[in-house]
Amino acid sequence: MKKLFCILILINFSITLFSQETVNSYTIDELSNQLKINNSELKILNQEYQQSLIDVKNAKAGLGPTIDLTVAGTYFLNPPIDSIVLNVDDILNSITWPDSMDIKPSGQYLTLYDGMENTFYSFQLDVTQPIYTWGKLKNAIKLYEKVSEIKQLQISSKEKQLQTELNTRIVSLFYLSQIETLLNTQDEYANRLVKISEDAQKNGILLEQDVLEAKISAQQINITQQEIKEQFFNLLLSIQKMTGNQNLELANINFTPNENIFYEFANRNRDELFSKALNTTQDTFLILENLEQISQYTTKIAQASVYWKPDFALKLSLGYGGSRFPFLEKDWFRQNDYTTNFTLALKTTVWDGGKKINEIKKSKSKEEIAGVNYDDAVLSIKQKLQEQFNVIDLALSKIEYQKLKLQTLDSKIKQQEQLFNSGYGSEQELLQAKIERNTAQIELEQNKLTLAGACSTAAFLCNEKLF
């Protein structure tokens, strides 16, 4: 019996140990790596970047020759050229013979041409080499190269943005878990206060209205707890989607923020941070600069396509055809023939109703828009960064206020505990003091969360990484 008991304990311990080992724990760096690998938005941007590289190759291929091969086989049910047959008697009669010769009709026919065969095969090889296109091909290559650079910058910018969002959500989970713990304690205090109020009402000490107010306060806490659970659920879903980890749970996230990082960032030199945010090497400004250059290349291509600007190209055509298929049918060499043609061609649009002129005007308008977008981006980043600094400063002030308030409330609780222990105070007043203290602590955690979010956003705008 003792042996069986020991075996059961060993099995239970092994199962517990195995289950603990199978629970995955992810640090913020590990989740960041999952985001880079699994995020659907980044995957789409990477594919668009690969497509842009193919577009560059296609544009460069336009400088080289285009080779087209056409192979055709035709079967004529009624060949267009019939056989050529001459009557021998007609030939003899057309000749003036001496009277002494008696030419009798022979009734014979002479076949000069058997007629076209029912089959005809043709092979056509065309080689076209652009010679001069007024810079359209080279500008097209530069244009697609800029598009490819933009796609690459978009990947970098999106990755930083998603990383900031991921960090903010993980930090939010931490502070929400802190708030949830405080709310659970708050709920215990509130339920105890309701119980005391109900007992006091039975004894005639409190009115029914006081009991209802206590119950309302307790119910408000329950509502807040449900709201926190909903926020937990939404945050966890968003993290699962961002990282592609559908099995991720709150217990799997191993992260505790270093709050000193936020305070250090908040106290950084603001002029220095503005300078970093407005640096021309930022992804946003590089993208806008490339868009402006794309508009310029588009204008050059439109100007090169204007009327009376012909494109020059050299075309070589090699043709081979006949009624017998080469190498497979007898006597194919004598039945077929070949052709070779060299052509220097030019092509230009004489008039199309003014479309090309309108394209030039449209391209120049896009250049103006690109310049305006650049200036607008500078003002937008300045405004957003200043807004985050305002949020940071307000959060810092509220944090200091809540800390002072907590010190006062701690003294109040200590005083109420002394009164209660000495018999001069009531448990109800002590619970109310603790609830007030918990409420202040919750507000402190909320302000810390606000500070962390604002610092993360400001750091993203300045192209810095907090953690």
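Residues are numbered from 1 along each chain as its sequence is written, and side-chain values use heavy atoms, with hydrogens and water left out. Because the model is predicted, local features need pLDDT of at least 70 and side-chain atom pairs count only at pLDDT 80 or more, whereas totals for chains, interfaces and linings use all residues.

The chain contains twelve helices and six strands, defined as DSSP runs numbered from the N terminus (helices: H or I, at least four residues; strands: E, at least two). Its C-alpha trace spans about 170 × 75 × 45 Å along the principal axes. The chain exposes about 29600 Å², of which carbon and sulfur atoms supply 54% (Shrake-Rupley method with a 1.4 Å probe; for residues, only the protein chains shown count as cover). Among contacts between residues at least 6 apart in sequence, 83% join residues at least 24 apart, a contact being heavy atoms within 4.5 Å.

Four strands form an open antiparallel sheet in the order β1-β4-β5-β6; two strands pair if DSSP finds at least two bridges between them. Strands β1 (66–75) and β6 (336–347) each have a single partner strand and stand at the edges, so one side of each is left without a neighbour in the sheet. From one strand to the next, the twist averages 15° (axes are lines fitted to C-alpha atoms, for helices over the stretch in contact; angles run from 0 to 180 degrees between N-to-C directions). Ten bridges connect β1 with β4, and Val71 stands opposite Phe123 in β4. Strand β4 (residues 119–132) is in turn joined to β5 (residues 311–322) by eleven bridges. Within β5, Leu318 is the bridge partner of Leu125, and Gly321 that of Ser122.

Ser32 lies in helix α2 (residues 28–38) and counts as buried because its relative accessibility is 6%. With residues up to four places away in sequence not counted, Ser32 touches Gln163 and Leu166. The side chains of Ser32 and Gln163 are joined by a polar contact of 2.7 Å; such a contact is a pair of N or O atoms within 3.5 Å, and within protein one must be able to donate a hydrogen and the other to accept it, while residues adjacent in sequence count only if both atoms are side-chain atoms.

Technical notes
Buried means under 20% relative accessible area, exposed over 50%, partly exposed in between (1.4 Å probe, protein chains only).
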